[in-house]
Amino acid sequence: MTDVIAAARAAQRTLLSEVEAKQLLAEAGVNVTETRLAASADEAASHAAELGYPVALKVVSDAITHKTDVGGVELGIADEAGLRTAWDAIHARVAGAAPGADLQGLSVQPMAEPGAEVILGITQDQQFGPVLMFGLGGVFVEVLKDVAFRIVPLEPRDATEMVREIQGFPVLEGFRGTPAANLEAIESMLLQLSEFAEANPDVAELDLNPVFARPDGAVAVDARILLTSEA
Amino acid sequence: MAVTRERLTRALAPKVVAVIGDKKASGYNWLRSMKEFDGPVYSVQVDESEIPGIEELGIPNYKSLTDIPDQVDFAVCAVPRQVAPFIVQGCVEANVGGVTLFTSGFAETGEDIGVELQNKIFEIADPAGLALIGPNCMGLHVPGLGVRFNRDQPAGVQGNIGFVSQSGTHGMNFSLTGAAQGLYCSTLVSFGNGIILEAADYLEYLADDPQTEVIGMYIEGARDGQRLFRTLREVAAKKPVIIWKGGQTEGGGRAIRSHTASLASDQAIWEAMITQVGAVAVHNLDEMIDVVKATLLTKRTQGNRLGLIAMTGGQSVVLTDAFEKAGWKVPTLSDESYAQLSEFFNIIGGSYRNPLDAAGTIGQDPKHLDTIFDILDADENIDAVGMELSATFMARRWQDKPEEFDRLIGSLKRFMAESDKPFLAALHPSHVEEAALTARKRLQEEGIATFPSFERAANALRKASALAAVS
C-alpha cells in the first residue's frame, strides 16, 4: 500500500495522480471506478476493451492540477474509434493550454452510472489531526459550503450524523428525479476513510469528488490525494 | 511524570493552603481572598517590610514553605517570573500537593527568556508529579471550601458546576456573574498556559467529582487536540458539557489544493468536534450562563413542542417567533384542552389557541393559572411550557401586593413539582427594574429557570435539550 506513496516520495512529488490515488483507496477497500494508465492509444484501447465501454479518458500529469481547465477530459466514449479520436483531441488541447507539460499518459476508466453527487474528503487540522468532510457536490460545496466535519477516528454514529447534518440532506433522500441514495454505502465509505486517514498519516489532503451516491451503492469517480510536504 | 489523581485531589480540594509572595502593593488580594477558607492558611514571604502587614491580617507568615508546621495541599504563588522556578522547587521539597502560578511572563510573551523560564519550571515540576496550575492564570475557586482568587467570589456555598477556563477573566466572570444568578461552581480552574495540567486533566477530575453535575469550559486552543477530543468524548457521555471556544487560530501557511482543506476553517472544525463529542457550543458568557442554568433547572425533553403563556397579545406573538426561530414548535392544543379552556378562559382581550394570552383570565382568578398549567401538563401535543412574566405590567403590582407574587411563585413551583415537562420563564428588563429586581432574586432563590429575553430562553432550552439527547 505504501508503494505508491514511496514512489511519489522518491520522485519528490506530493500530488498523487488519479491512478495512484485510486489504487491506494482501492487497496483500502474504498469503492472507486477502476482506472488504468495508458501510455499510448493502443494501450488505452486494450484497457477500454477489458473495462468495457463507455469509458472516460483523462490526462495524467504532475504539472496539471485541474484536468478540465486544460481540456484534459473526455467522457462517455462509446467505442474504440471514439477512443482514438478522443486520445488525439486531448493531446492537442493540452498541448495548447499547457505547452511543455510533461504527460505520463492518459487514464482510462469505465463511465460510472450516475447518482447524487457527493464529496468526501480528508484534511489535517493543526490541533486535532486528520478530519473528515462530507457534503453534496457541485454548487452545494463550492458556493454554499454546505458541509459537515468530524474528527478522526469516527464512530459509526458520527458517520450517520454527519450525512444528516448537511442542509442539502433531503436531496439524498430522493429529489426531482434523482433516486434516493444508499446512505449506508456513504456512511461505510466515511468509516473506511477514517481508517485510511489513521493508517496513512502521510496523506495531507484527499478529495473524492464526485462520489456517485446511487440506490445500489456509492462509487468514487475522481480522487485527489496530496501528501504532507515532509515524509 | 503524570500527576496522580491523589495529588490532583489534594490540590483541588485542599485542607491546608499557603500563599507565597503576596504583598501590600496588590492589596494582599490572595491572602484576603483566602479569608473564608475552611482550614489553616499560611503566608510565605521573605521581604521583612511586607511581613508586619501580613501578620496584621492575622495570618502566620513563614520565610519558607518547609518552615510551615503543616502539610500544605495547595499553594498560590504570585512572585516575579525569575523567582518562580525557585518557588516551584520549594513546593516539590515541601511535598505541596499543587500550586497555582499566577505569575505571568512566560511562553505567552514569545520572548526567549519567558520560554526558558517556563521550560525550567516544567523540568522541576514534571518529574516530581507536582499538580502545577498555570502559569499565567488565576487558578482555583472552590466555593464549598472557601477557596477564592477574588474577594467577590462566593464562599461557604456548595456549587454543582465544574468550570475549566483557559482565561482567568472568563473563569472569574463566570463565577461572579453566575453566582449573581444563583449558579455556583463546585470547582473552577483557570489554567492559563497549562504546562503540566491542561484542560483534559481537569475535565477528567470533574467527570468523577460527585459534586459536579454540569461542566462548562472556555478554551482558545489545545496543545494536544486528539487527547482533548478523546477525553471530551468520555466526559460528555457522563455529564453535560458546554463549551465556549474563543478566538480563531491561523490555518497555517500550507498550500491548500483540495476543497476539503479550503473549507476546514478553525471555527468549522471546533464546532464539529463539539457536536461529535456530544457537548454543545456557546459563544459568549451570557449564553454559557443561560445554558448551564437551563441544564440545571429544567427537566429534559426529547420533544420540541411548547405551550406558551403570555401576558399580552403582542408578547404572545413575539414569544412564539423567538421559540420557533430556535427550532421549537408552538402547536395547537388537543381538543380536550380546548374544551376545558373554553369553559373559563376570558377571550375578551385574550386568546387560548397557543400561545395563551392569559393576563385577563389569571387576573379574574389566580387559580386559573393552575388550571392552565394542569391542562398543558395533560396535553399530549405539548412537551414543555414557557411563560412570560411581564415586569412592565406586573413588577409594581408584585411590589405593592407581595401576596400576589407569592401566589404566582406557588403556581409555578406546583407545576414544576407535579409535571415531567420542563418549565422556563422570561422576565425582560423594564422601566421599573428596581421593583423587578426583587422578583428576579426571588425567582432565582426558588430555582425557577428565568431568562432576560424570550430569545435567550428559547436558545438555552434548545441547547440544554440537545445535551439531554446525547446522554
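**A guided reading of chain B and its local features**

In this predicted model, chain B contains 19 helices and 17 strands. Its C-alpha trace extends about 80 × 65 × 35 Å along the principal axes. Chain B has 471 residues, of which 49% count as buried. Among the contacts in chain B with a separation of 6 or more, 74% are between residues 24 or more positions apart.

Which residues of H15(B) are buried? They are B:Leu369, B:Ile372, B:Phe373, B:Ile375 and B:Leu376. Viewed down the axis of H15(B), these buried residues fall within an arc of 160°, so they line one face of the helix. The elements of chain B that cover them include strands E13 (306–310), E14 (356–357) and E15 (384–388), together with helices H13 (335–344), H14 (359–364) and H17 (402–418).

Helix H16 (residues 391–400) and helix H18 (residues 433–445) of chain B pack at an angle of about 80°, and their axes are 8 Å apart. That angle makes H16(B) roughly perpendicular to H18(B). On the side of H16(B), the contact is made by B:Ala391, B:Ala395, B:Arg396, B:Trp398 and B:Gln399, while H18(B) contributes B:Ala435, B:Ala436, B:Thr438 and B:Ala439. By class, six residues in this contact are nonpolar, two are polar and one is charged.

The backbone also deserves attention. Most residues other than glycine have a negative phi, and most peptide bonds are trans. Two peptide bonds described here are cis. One joins A:Tyr53 and A:Pro54, with omega about -5°; A:Pro54 lies in the loop between helix H3 (41–51) and strand E2 (55–60) of chain A. Another joins B:Gly134 and B:Pro135, with omega about 0°, and B:Pro135 is placed in the loop between strands E6 (131–133) and E7 (139–141) of chain B.

Positive phi values occur in loops of chain B as well. B:Tyr28 has a phi near 50° and sits in the loop between strand E1 (17–20) and helix H2 (29–33). Is B:Tyr28 buried or exposed? With 21 other C-beta atoms within 10 Å, B:Tyr28 is buried, because the threshold is 20 or more. B:Asn95, also not a glycine, has a positive phi of about 50° and belongs to the loop between helix H4 (84–93) and strand E5 (98–101) of chain B. B:Asn95 has 15 other C-beta atoms within 10 Å and is therefore partly exposed.

Note on methods
Residues numbered from 1 in each chain as written. Chains lettered and ligands numbered in written order. Predicted model: local features only at pLDDT ≥ 70, side-chain atom pairs only at ≥ 80, totals over all residues. Buried ≥ 20, exposed ≤ 12 C-beta atoms within 10 Å, placed from the backbone. Helix = DSSP H or I, 4+ residues; strand = E, 2+ residues; numbered from the N terminus. Arc of directions from axis to C-beta. Contact = placed C-beta atoms within 7 Å. Axes fitted to C-alpha atoms, helices over the stretch in contact; angles between N-to-C directions. Parallel < 35°, antiparallel > 145°, perpendicular 65-115°, else oblique. Nonpolar A, V, L, I, M, F, W, Y, C, P; charged D, E, K, R; others polar.
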